[in-house]
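Reader: Can you walk me through this model? Keep it quick.

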Amino acid sequence: MSDQSNIKKIIHSLFLVFSAFLTFLWPKTSLINYDIEIGALLFLILYLAKKFIPQKTNFLESIIFTLIVLIVINSTGGINSPFFFLIYFLLFSLSLLLEPITPLTLSLSLIIFFLIFSSPTEDFKHLLPIFSLAFLTPFALYLGKEYLLVQKTKKILVQNKEDTFLFLSLIIKNHLKNIKNAIENFTGDHQLEKIKKHALQMESLIEKFEKSQ
């Protein structure tokens, strides 16, 4: 199970890094003239995926968000793009959608890609936004972990609520029904013993349930 999880993380990271690399080649191809049409196509793909397979679109969302954000940035000046800040939102989004190692890998890859594809004449001042990614990523990962912890806690609370409802509806309800029948057909000590027995069983079950919470 652990090996499968590690393979999944590696695949996610490789696909994201490869997608990011393609966006750096984007401005050098004729496809740059069709950025709006391709962006619309990507959103259409995401819409159809969420409609027909809504439970399994996190990875696809990550790929599409990465492509769109980086296409916009690399088509409008790269590190000098007025939309460079969108990378910060992208990293925060990925930390919520995928495993923590994935946005970390993408962040390091982006730093390398920006350095490789930036103009040799760029001075250090213009390169500062690139290195800011290295400091922002740990914060994004922390928020992602906190979000996942909150979601996990909510699931546990919901499960406990469902267990409580099941306990009340199946076990106690059954004993109350038996007590009611014994009272309606009360003829003497025999039914009284039945009522006492069911009441003691109910009390015992409630105590065990409270201790398990």
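Author: The chain's secondary structure comes to seven helices and zero strands. Helices (H or I, at least four residues) and strands (E, at least two) are DSSP runs, numbered from the N terminus. This is a predicted model, in which local features need pLDDT of at least 70, side-chain atom pairs count only at pLDDT 80 or more, and totals for chains, interfaces and linings use all residues. Residues are numbered from 1 along each chain as its sequence is written, and side-chain values use heavy atoms, with hydrogens and water left out.

Reader: What share of the 213 residues counts as buried?

Author: 31%. Buried means under 20% relative accessible area, exposed over 50%, partly exposed in between (1.4 Å probe, protein chains only).

Reader: And how much accessible surface does the chain have?

Author: About 14,200 Å², of which 68% belongs to carbon and sulfur atoms. The areas come from the Shrake-Rupley method with a 1.4 Å probe; for residues, only the protein chains shown count as cover.

Reader: Switching to packing. At what angle do helix 2 and helix 3 cross?

Author: Roughly 165°, and their axes come within 10 Å. Axes are lines fitted to C-alpha atoms, for helices over the stretch in contact, and angles run from 0 to 180 degrees between N-to-C directions. Helix 2 and helix 3 are therefore roughly antiparallel. Angles under 35 degrees count as roughly parallel, over 145 as roughly antiparallel, 65 to 115 as roughly perpendicular and the rest as oblique.

Reader: Which residues make the contact of helix 2 and helix 3?

Author: Helix 2 brings residues including L42, F43 and L46, and helix 3 brings residues including I64, F65 and I68. Contact means heavy atoms within 4.5 Å. By class, the contact of helix 2 with helix 3 has 11 nonpolar, one polar and three charged residues. Ala, Val, Leu, Ile, Met, Phe, Trp, Tyr, Cys and Pro count as nonpolar, Asp, Glu, Lys and Arg as charged, and the others, Gly among them, as polar.

Reader: How do the axes of helix 4 and helix 5 cross?

Author: At roughly 155°, coming within 9 Å. That makes helix 4 roughly antiparallel to helix 5.

Reader: Is L91 buried or exposed?

Author: Buried, because its relative accessibility is 0%.

Reader: What does L91 touch?

Author: Not counting residues up to four places away in sequence, L91 touches P103, S107, L133, L136, T137 and A140.
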